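Here's a quick briefing to read with the model open beside you. Grab your viewer and let's walk through it.

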Amino acid sequence: FLESRRMLSSSSSSSQRLKLLLIACGVGCQFLLSSAFHPAPIWISPLVHLQRLNSPRVLPDSSFPYVCAGHRITATRPNSFMRDSHTLSMLKRLRVDEVRSDRSGAIDPQALEQAREIMESINAGGEEALMEWAVRLGDLSAEEQFWIAKEDLRVAFETLPPDQRQLLERVGERIRKFAQAQRASISEMETEIPGGMAGQTVAPVDCAGCYAPGGRYPLPSSVLMTAITARVAGVPSVWVASPRPTQVTLGAAHVAGADGLLR
C-alpha cells in the first residue's frame, strides 16, 4: 500500500494513477477515488480490473461498470481477478520473511488489569463488594436494590403498550413451542452391552441464570430464548440478569416466567 501510494504521487498520467489504485484495491482495500479523477468521489469494489473503452471485452454476467477518467472499471469475480496474468505480473511477490507481523493480544492489557482488580475485590468482599462496584460503575444507585421481584416484572409487562405486549407473547409462544418439541426429542434410554448396562438420563439443573444485554442496546429476545427454554426444560429456579434493563426487558422476563431479574 505504501509503495503504491509513493508511486501514485510520482505518476504523471491519470491512467497510471488509476491503475495503481486498482492494484491496491486488489489486495483487499476499498479505495475512495479522489476528485483528481472525478468531481465527486466514488467507491470502487476491492476486486477490479481495468479495461480501456476502446478495447471491448466480454464481461461476466455479474459484473457492473464504472466510468472514470476515460476508463471503464469493472468489478469481477475473485477467481477471474486471480486468473488475470497481466494483473498478477504487476503485483510483487513477497517472501515469508517480508510479510509484516502485527500481532497483538486479544485483550487490552489495561482492561484486563482493571477486570482482575474488580474480580479480586468481589472474591474477597462478597456481595458487599459487588454492590460497591455496581454503584461505583454507575449500574446502580446507592438506594437501589440489585434485584427486581417477579411481581414487579408482571407490573412492567402490563403497563407496556398493547402492541408490545402482543409481540412479546407471540414470539414467546413460538420459542416455547420449539423448546417443547426439542425437549420431547431427547429421552432417557438404557441398553444392554457386554458386561452390563449403559444409558442416559435427562434431568434439568437446579437453577438457570440467563444473561441478556442491556444498556443502550437491550435484547429482550435473549430473555425469551434463554429463560423460556430453561422453564420448558424443567429448571425450578430461573433468573434473568440484565444491566440497566428497559421496561420491555422486564416484560420479556415476565412472559418467559422468570422468578426475578438481577440488574
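Which side chain does the side chain of threonine 249 make a polar contact with? That partner is the side chain of threonine 246, at 3.1 Å (a polar contact is a pair of N or O atoms within 3.5 Å; within protein, one must be able to donate a hydrogen and the other to accept it, and residues adjacent in sequence count only if both atoms are side-chain atoms).

Before going further, a word on ground rules. This is a predicted model, where local features need pLDDT of at least 70, side-chain atom pairs count only at pLDDT 80 or more, and totals for chains, interfaces and linings use all residues. Residues are numbered from 1 along each chain as its sequence is written, and side-chain values use heavy atoms, with hydrogens and water left out.

**The chain overall**
- There are 9 helices and 11 strands in the chain (helices are DSSP runs of H or I with at least four residues, strands are runs of E with at least two, and both are numbered from the N terminus).
- Of the chain's 263 residues, 26% are buried (buried means under 20% relative accessible area, exposed over 50%, and partly exposed in between, with a 1.4 Å probe and protein chains only).
- Taking contacts with a separation of 6 or more, 51% are between residues 24 or more positions apart (contact means heavy atoms within 4.5 Å).

**Around strand β10**
- β10 spans residues 237-241, with Val238 and Val240 on its covered face and Ser237, Trp239 and Ala241 on the uncovered one.
- On one side, β10 pairs in the parallel sense with β9 (residues 207-211) over 5 bridges (two strands pair if DSSP finds at least two bridges between them).
- To get from β9 to β10, the chain goes through helix α8 (residues 220-233), and this β-α-β crossover is right-handed (with the strands pointing away from the viewer, the path from the first strand over the helix to the second runs clockwise).
- β10 also runs parallel to β11 (residues 260-262), joined to it by 3 bridges.
- Alanine 241 shows up in both pairings: it is the bridge partner of tyrosine 211 and stands opposite leucine 262 in β11.

**Threonine 249 and serine 242**
- Threonine 249 lies in α9 and is buried, at a relative accessible area of 0%.
- Beyond its neighbours within four places in sequence, threonine 249 contacts Pro218, Pro220, Val223, Ser242 and Leu261.
- Serine 242 is in the loop between β10 and α9, and at 1% relative accessibility this serine counts as buried.
- The side chain of serine 242 reaches the backbone oxygen of alanine 212 at 2.9 Å.
- Serine 242 and proline 213 are 29 residues apart in sequence, yet 5.8 Å apart in space, C-alpha to C-alpha.
- Leaving out residues up to four places away in sequence, serine 242 touches a set including Gly214, Thr249 and Arg263.

- Helix α6 (residues 150-158) has Leu153, Ala156 and Phe157 as its buried residues.
- Those residues are on the same side of α6, because they cover an arc of only 100° around the axis (the arc is that of the directions from the helix axis to the C-beta atoms).
- They pack against β6 (147-149), α7 (162-184), α9 and β11.
- The largest nonpolar core has 25 residues, and Leu153, Leu168, Leu224, Val240, Ala253 and Leu261 touch the most other members (a nonpolar core is a set of buried Ala, Val, Leu, Ile, Met, Phe, Trp, Tyr and Cys residues joined through side-chain atoms within 4.5 Å).
- At least two residues of this core come from each of α6, α7, β9, α8, β10 and α9, with α8 giving the largest share at 5 residues.

**The β7–β8 hairpin**
- β7 (residues 189-193) and β8 (residues 196-200) run antiparallel, joined by 5 bridges.
- Glutamate 192 has methionine 197 in β8 as its bridge partner.
- This hairpin has 2 residues between the strands, and glycine 195 takes a positive phi near 95°.
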